Amino acid sequence: MKADFYETLGVHKGADEKELKSAFRKLAMQFHPDRNPGDATCEHRFKEINEAYETLKDPQKRAAYDRFGHAAFENGGGFGANGFAGGGFADIFEDIFGDMMGGRQRRSANGRERGADLRYNMEITLEEAFSGKTAQIRVPVSVSCVECSGSGAKPGTQPVTCTMCSGSGRVRASQGFFSIERTCPQCQGRGQMIKDPCSKCSGQGRVVEERSLSVNIPAGIEDGTRIRLAGEGEAGLRGGPSGDLYIFLSVKPHELFQRDGADLYCKVPISMTTAALGGSFEVATLDGTQTRVKVPEGSQNGRQFRLKGKGMPVLRQPAVGDLFIQVAVETPQNLTRRQRELLEEFEKLSSHDNSPQSSGFFSRMKDFFESFGER
């Protein structure tokens, strides 16, 4: 036996349209199949809720139900197998689940549509990301037609109300207790028709032009950052609001520095003698200065030096990252005879104390090999 429609929605018999809609929204959100995948009980409950609301929201159907109960819709009347009746449910479904399903671009009652969002790819240097800049870009974009002020109608004329839907954008066909509502086929849901279209925009209310825009790129911006320019996208149809323009930034690879967040890294080759005897060298930084780095005697390949505050600025914060210098000891090449003789003499004079890591490693390797002979 079917449950009472008022009990199904959890409202009293005198509930008005606002109470009915509120109760339906709450229950539909709770039991919708998309939120309860694979749950047959929720699916059945959702169909019952929808059937009850579709009946009670329509004054004619509600009057018939109040008088005859479920019998009013038996023997040919009523709902399809999935519990959906015509027209009205589609609107409330979009109202409730539009955000959950990713949203829809809605058309207003007067046919005005929001323009599309646009994307612009911009490449900047690491130096520009360090200091920030104001860039000028040119973007081909649809803008509101000046000649018709975005209406789409020939100057001196106005769009006229659609005669089929009387400006509502939707038409309803009734049969007995039931009615089906759909988009008006004559005006495609706009509610208005243009009899004399503008010659410049062909009735669209917008034309394509190249627009010059100024883009502020703040200091410290990172690769992949997106900047939004509100209202600078494509103009809407027939005077509708414009979309947005999104600037997608990419930072070119630098020949000297690698970036990791706010920190910078630089690999500096030094001679074998500088590493052994000690010394210093100068490095240029992105702030336009030079900093001297001291290399202690006996520095090994890969040793890292930290230059505090010489990295990238942190976006919209007073903090600044660091610059890390890693030395790479370079082995001499193309030796002269005298250089070779000196190195050979140095090798003869070398002791374990001169190369402790090398000596320690090969000592452990020897012990490891000899351990096989004792087994």
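## A hairpin and its neighbour

Let's start at one pair of residues: D260 faces D263, which belongs to strand β11. Strands here are DSSP runs of E with at least two residues, helices are runs of H or I with at least four, and both are numbered from the N terminus. This is a predicted model, in which local features need pLDDT of at least 70 and side-chain atom pairs count only at pLDDT 80 or more, while totals for chains, interfaces and linings use all residues. Residues are numbered from 1 along each chain as its sequence is written, and side-chain values use heavy atoms, leaving out hydrogens and water.

Strand β10 (residues 258-260) pairs with β11 in the antiparallel sense through three bridges; two strands count as paired if DSSP finds at least two bridges between them. Two residues separate β10 and β11 in this hairpin, and G261 in the turn has a positive phi of about 65 degrees. β11 also pairs with strand β15 (residues 323-330), this time in the parallel sense over eight bridges. There, C266 sits opposite I325 of β15.

## Two faces of a strand

In a regular strand, side chains alternate between the two faces of the sheet. Buried means under 20% relative accessible area, exposed means over 50%, and partly exposed lies in between (1.4 Å probe, protein chains only).

Strand β13 (residues 290-295) has a covered face with T291, V293 and V295, and an uncovered one with Q290, R292 and K294. Its antiparallel partner is strand β12 (residues 279-284), with six bridges between them. One of the residues on the uncovered face, R292, is the bridge partner of E282. β12 and β13 form a hairpin with five residues between them, and G288 in the turn has a positive phi of about 90 degrees.

## Loops with a positive phi

Which residue has a positive phi of about 55 degrees although it is not a glycine? It is R316, found in the loop between β14 (304-307) and β15. R316 is exposed, at 69% relative accessibility.

N334 is another residue other than glycine with a positive phi, near 55 degrees. N334 lies in the loop between β15 and α8 and counts as exposed because its relative accessible area is 75%.

## The whole chain

The chain has nine helices and 15 strands, and 34% of its 375 residues are buried. Of the contacts (heavy atoms within 4.5 Å) with a separation of 6 or more, 64% join residues 24 or more positions apart.

How confident is the predictor, and what is the mean pLDDT of the chain? The mean is 82, with 86% of residues reaching 70 or more; pLDDT is the predictor's confidence in each residue, from 0 to 100. Over residues 75-106, however, the pLDDT is below 50.

Helix α1 (residues 5-9) contains E7, which is exposed with a relative accessible area of 63%. E7 and A52 are 45 residues apart in sequence, and their C-alpha atoms are 9.2 Å apart in space.
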